[in-house]
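This report describes the overall fold, the surface and selected residues of one protein model.

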Amino acid sequence: MRHSTWRIGGNAHVMVFPGSTEQIRDLMGLARDFGIPWIVIGKGSNLLFSDRGFEGLVIKLDSAFSKVTFEHGVVTAQSGVSVPRLARMAAKAGLTGLEHAIGIPGSLGGLVAINGGSLRQSIGDVTRTVTVVTPEGRIETRSAEGCDFSYRHSNLLHSGHVIAEVILELQPGHAETILRHMRGILRERQEKFPLTQPNCGSVFTSRPELYHTLGPPGKLIEDLRLKGLTCGGASISHRHANFMVNTGKATAQDVLELVAQVREAIYIRHHVWINTEVMYVHPDGRIEPVSAVSPDAQTLKTVNPR
Ligand SMILES: Cc1cc2nc3c(=O)[nH]c(=O)nc-3n(C[C@H](O)[C@H](O)[C@H](O)COP(=O)(O)OP(=O)(O)OC[C@H]3O[C@@H](n4cnc5c(N)ncnc54)[C@H](O)[C@@H]3O)c2cc1C
């Protein structure tokens, strides 16, 4: 719960904060040898953990693995670095290209895994190479083309690979202008998003084809007058309809039910199923979009424990 920006979910059995690529590789090797389920997380800003927690090893990449160097517009960064911190460092070094990411409270690894971004830009646009630890324990560097970046997706997501280091190629710019632009973006986000209550950013994916025909998910939800709809402690934000906030004691079950209700309402009106950007971590370590999980999944598992 403490490692998810939604502040929801049970405990993990073990959490480790590695400080080098070799340590990540060794942890993955140990988990493989002993048959322990493992997952990798960054800031937990795109994850809903089960109320039952996770029965395995969490490899958490954060400030212990966040070294960044700059050389002639080329940024080499360990994947645990916080995205707003990296964006600010780049701006101060007079480099443009990460302005859109200033308000995204994730780690660089999490951002690259889902090819995240905002203002119609994505981190893949400025990525040159990504160094990963493969499921077999090899340390490999692949080009951006080898990551198959597409809208909010890369082939690294849920592939058993851990993103360790990323090389970004940014363009020269004027530090003060870039910082001013970033401050403007942050101001707009503060006005638009419910940032004072625990949340996980946009819950539903804004697929380009839907965006052009029906509009973004927030608009569809707002048009159906679902703002304020509540399940237990989870509520659709009054400020932005694609945000669900934890009003105090929300459970994963509350969020699963709220997501299911919104999807059904949109299906009844528009005959399309919208899917979530936010992902659910099952107690056994499987990770899949929240929209793919039945609200009964948790209850059934509790009633019929393994
Ligand atoms: C207030 C708010 C605003 C947001 N705004 C935006 C936005 O504008 N645009 C946007 O795209 N997102 C946004 N998000 C969502 C989220 O911040 C991003 O998706 C972010 O990139 C997730 O990074 P993370 O480190 O928190 O990843 P986590 O939530 O920890 O993990 C997400 C997924 O990435 C995988 N992963 C994490 N690190 C690695 C790694 N090193 N190697 C391999 N896989 C990894 C995890 O296994 C998991 O499947 C927002 C969230 C919040 C709370």
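How many helices and strands are there in the protein? The protein contains 8 helices and 16 strands, where helices (H or I, at least four residues) and strands (E, at least two) are DSSP runs numbered from the N terminus. The radius of gyration is 19 Å, close to the 19 Å that the globule rule gives for 306 residues, so the protein is as compact as a globular protein of that length. This radius is taken over C-alpha atoms, and the globule rule is 2.2 Å times the number of residues to the power 0.38.

The model is predicted: local features need pLDDT of at least 70, side-chain atom pairs count only at pLDDT 80 or more, and totals for chains, interfaces and linings use all residues. Residues are numbered from 1 along each chain as its sequence is written, and side-chain values use heavy atoms, with hydrogens and water left out.

**Overall dimensions and surface**

The C-alpha trace spans about 50 × 50 × 30 Å along its principal axes. Of the 306 residues, 52% are buried, where buried means under 20% relative accessible area, exposed over 50%, and partly exposed in between (1.4 Å probe, protein chains only). Among contacts (heavy atoms within 4.5 Å) between residues at least 6 apart in sequence, 65% join residues at least 24 apart. The protein exposes about 14400 Å², of which carbon and sulfur atoms supply 52%; accessible areas come from the Shrake-Rupley method with a 1.4 Å probe, and for residues only the protein chains shown count as cover.

**Cysteines**

The structure holds 0 disulfides, a disulfide being a pair of cysteine sulfur atoms within 2.5 Å. C200 is in no disulfide, and its nearest cysteine sulfur, that of C231, is 17 Å away. Seen from C231, the closest cysteine sulfur is that of C200, and the 17 Å between them is too far for a bond.

**Buried residues**

| Residue | Relative accessible area |
|---|---|
| C200 | 4% |
| C231 | 7% |
| T134 | 1% |
| G215 | 10% |

Two of these residues lie in loops. T134 is placed between β8 (127-133) and β9 (139-143). Leaving aside neighbours within four places in sequence, T134 is in contact with M28, E140, G160 and H161. G215 is in the loop between α5 (208-213) and α6 (217-223). Not counting residues up to four places away in sequence, G215 touches L210 and L220.
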